[in-house]
Amino acid sequence: FEFGVELDEITSEREEAERGANLTEAQLAQYSTNVIYKIDVPANRYDLLCIEGLSRGFKIFLGDMESPTYTVAGTPTMTMTVRKTNTDKIRPFVVCAVLRDMTFDQARYASFIDLQDQLHRNLCRQRTLVAIGTHDLDAIAPPFFYDARAPDQISFVPLTPSDREFKAGDLLNFYETDESVKHLKPYVPIIKNSPIYPVVLDSQETVLSLPPIINGDKSKIT
């Protein structure tokens, strides 16, 4: 508690299932009995929303490690050009960085995406204020551009579904109506009625992102 983290509950998937609907013993057997610790973290400590950040925070608090210091390495070698005449009309700001020597395994990547989703839900106000996207630099060609264009001028293969190309307007219509992508439907109204949509591109006009909706399949992390 001195650290600012409060234990809220000790439970398990099975225990939570038992509190809900009347399930048979066979149905309950599908739920794990592994112990789950539910904790409350301070509202201004977004770094504690993942197990890696929580572990690091505890270690620093206990004196087992120094607080990390992050610096910009040298002069930037890549540029992001913002076409403000267009982007000022819809989502005016973009911030980007290149992170090198990053290694993901499946567990790390899952935790990374979970943290990104949690930030989208709270700090980013369901993507209305901010949308976070991560891309594989080896798959794309700098320099990069942030622009806003008419929906029929934006065509790309999205992350979901990644088996065909869409024009941006058609893609948003698909997200609004198809049950297979219902998790994206809440974000569609953020830009759908605008005459122009924000878009991030590389030097080859490859669409990297249609923020705040979806990234392109070309730059996905694998």
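The second largest pocket is lined by Cys50, Glu52, Gly53, Arg56, Tyr70, Thr71, Ala97, Leu99 and Met102. A pocket here is an open set of points on a 1 Å grid over the protein atoms alone, with protein on both sides within 12 Å along at least five of seven lines, and lining residues have an atom within 4 Å of a point. About 410 Å³ of space lies inside this pocket, a volume being the space filled by probe spheres set on the points. Its lining has five nonpolar, two polar and two charged residues, with Gly counted as polar and Tyr and Cys as nonpolar.

The model is predicted: local features need pLDDT of at least 70, side-chain atom pairs count only at pLDDT 80 or more, and totals for chains, interfaces and linings use all residues. Residues are numbered from 1 along each chain as its sequence is written, and side-chain values use heavy atoms, without hydrogens and water.

Now to the annotated region. An unreviewed UniProt entry places "domain: B3/B4 tRNA-binding" at residues 90-222; such annotations may be inferred rather than shown by experiment. Over residues 90-222 the chain is 20% helix and 16% strand, with the end C-alpha atoms 31 Å apart. Helices (H or I, at least four residues) and strands (E, at least two) are DSSP runs, numbered from the N terminus.

Two strand pairs (at least two DSSP bridges each) are worth a look:

| Pair | Sense and bridges | Bridge partners |
|---|---|---|
| E7 (residues 197-201) and E8 (residues 207-210) | antiparallel, two bridges | Leu201 and Val207 |

E8 and E9 form a hairpin with three residues between them.

Technical notes:
On a 1 Å grid over the protein atoms alone, a cavity is a set of points where a 1.4 Å probe fits but cannot get out, and a pocket is an open set with protein on both sides within 12 Å along at least five of seven lines; lining residues have an atom within 4 Å of a point.
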